[in-house]
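Visitor: Could you walk me through this model while I look at it? I'll ask as I go.

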Amino acid sequence: MEYSLAVQDDAVHVRVDGRVDEATWEAFGAALGEAVERAGKSGHPTVVIDLSELDYMSSRGLRVLTVAKRQADEASITIVLASPNEVMSEILAISRYDKLFTITGSTGARQ
Amino acid sequence: MLVRFWGTRGSLPVAPTATTIRRKLARALVSAGSLQFDNVAEAELFVEKELSFAGGATYGGATSCVEMEIANGSYFVCDMGSGLRSFGLDSLRRNAAGHSKTYNFFQSHLHWDHIMGFPFFAPAFDPSATIRIHSGHPDAEEALRRQQEEISFPVPFNWLRADIQFVQLTPGETYEVDGVAVETILQNHSHDSYGYRFTDVDGKTAIYSTDSEHKLENMAEEAAFIEFFRNADLVICDTMYSLADSVSMKEDWGHSSNLVAVDLCHAAEAKCLALFHHEPTYEDEDIQRMHEESIRYEELTRNGPALDVICSYDGLEVRI
């Protein structure tokens, strides 16, 4: 799993490539924690997680998202899941995480 | 080893209503269209081949009770939910044919839905039966005696005539019970629960892990469960809630989700996962949907050998 983090005008953007599974969930969690922290420090109310390049996310990754959401909620920051590919759209539906998170069709990030 | 499911529901026994049955029949008749059947056998074949499981059958409503038929003489049974009554009656038939009257029970825990069948367990009245109740809990006997006190049940525990023994097991130890290697693991549930690993003389391994919550804060501890499930031929797992429910409104309710069960089994390279401890408010269509989604999730996240995902129902038999 690779990730990049960018602070832009509208939000803190996190882009994740590869798989979030038993081997990479802790690194993913660290990335989310960093994003929430940076959003708090820079005064951004939103963290956008770009799911377009993910192969898949296992329940570990989904649960790490929940941990990050709780941290974000305490800081009045919203986590948005953006551009899920077909696999991620299915996983979000199967897990019912589409009921827990705001999901958008685009990241809104500057290229 | 033959695994036979006598009760697969969690929390509370349930039963279909007249409305539910009528609706199934009506839909089946519509599916049959203009087909004519010469006899019941032909109609049953149509139901089996052409209708979905939810449409032509039912997952049942008895609470947790799973038998492991091991070719060693004695009975092995996990939990004493309401499904125990049917098992008990069936065992009387087998005893009459010469089966050993030794019953080895393995309790996941002592909540009502997992012990409610024992007052109706007919062999407990047989003075020639031996009943060994294995549990990680030191208070298993107290729990069973209490539910048969007069305020709750008209037949006191002391009236039972079988030789009833209570055996406390310790996680981390391997026990030999009538030729079967048995291990137990502590699980996260109110008043604790315990999972079991059974390995027979042929090396076939079945896991029984129900009423076990895998919490967000303790994901690193799941490594212990992956090792406990390692290379198992069958893993019977609590899959009561969606992942979202398990981390939100049902958090701390002591149960797990289908996605966590699939992931643990993938990591353990287990061969087959049986979804278990179905939510009592789920209709058959809900359970079937959960099963289909679990199969799809396994396909999407598979990164090694395929895991066979089946859905337990009252009456299911699985040979491993």
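Visitor: What follows α3(A), and what is its phi like?
Guide: The residue after α3(A) is A:R96, and its phi is positive, near 65 degrees; helices here are DSSP runs of H or I with at least four residues, strands are runs of E with at least two, and both are numbered from the N terminus. Bear in mind that this is a predicted model, in which local features need pLDDT of at least 70, side-chain atom pairs count only at pLDDT 80 or more, and totals for chains, interfaces and linings use all residues. Residues are numbered from 1 along each chain as its sequence is written, while chains are lettered from A and ligands numbered from 1 in the order in which they are written.

Visitor: Which residues of α3 in chain A are buried?
Guide: In α3 (residues 86-94) of chain A the buried residues are A:M88, A:I91, A:L92 and A:I94, where buried is 20 or more other C-beta atoms within 10 Å of the residue's own, exposed is 12 or fewer, partly exposed is in between, and C-beta atoms are placed from the backbone. Seen down the axis of α3(A), they fall within an arc of 165 degrees, so they line one face of the helix; the arc is that of the directions from the helix axis to the C-beta atoms.

Visitor: And what do they pack against?
Guide: They pack against β4 (54-57) and β6 (102-104) of chain A, together with α9 of chain B.

Visitor: How many residues of each chain are in contact across the two chains?
Guide: On chain B there are 17 residues in contact with 18 residues of chain A, contact being C-beta atoms, placed from the backbone, within 7 Å. The elements giving two or more residues to the chain B side are α7 (243-247), α8 (258-268) and α9 (284-301), and α9(B) gives the most, with five residues.

Visitor: Changing topic, how is chain B divided?
Guide: Chain B is divided into domain 1 (2-14 + 58-319) and domain 2 (18-56), with bounds that come from an automatic or database domain assignment. The C-alpha centres of these two domains of chain B lie 32 Å apart.

Visitor: Where is B:A54, and what does it contact outside its sequence neighbours?
Guide: B:A54 is found in helix α3 (residues 53-56) of chain B, and it counts as partly exposed because it has 18 C-beta neighbours inside 10 Å. Leaving aside neighbours within four places in sequence, B:A54 is in contact with B:D284, B:E285 and B:Q288. Its C-alpha atom is separated by 9.3 Å from that of B:R289, 235 residues apart along the chain.

Visitor: What is the strand order in the sheet with β14 of chain B?
Guide: Seven strands form an open sheet in the order β6-β5-β4-β3-β2-β1-β14, with mixed pairing; two strands pair if DSSP finds at least two bridges between them. The edge strands, each pairing on one side only, are β6 (163-168) and β14 (317-319) of chain B.

Visitor: Which residues stand opposite B:R4?
Guide: B:R4 stands opposite B:E67 in β2(B) and opposite B:E317 in β14(B). Strands β1 (residues 2-7) and β2 (residues 65-69) of chain B pair in the antiparallel sense over five bridges, and three bridges join β1(B) to β14(B), which also run antiparallel.
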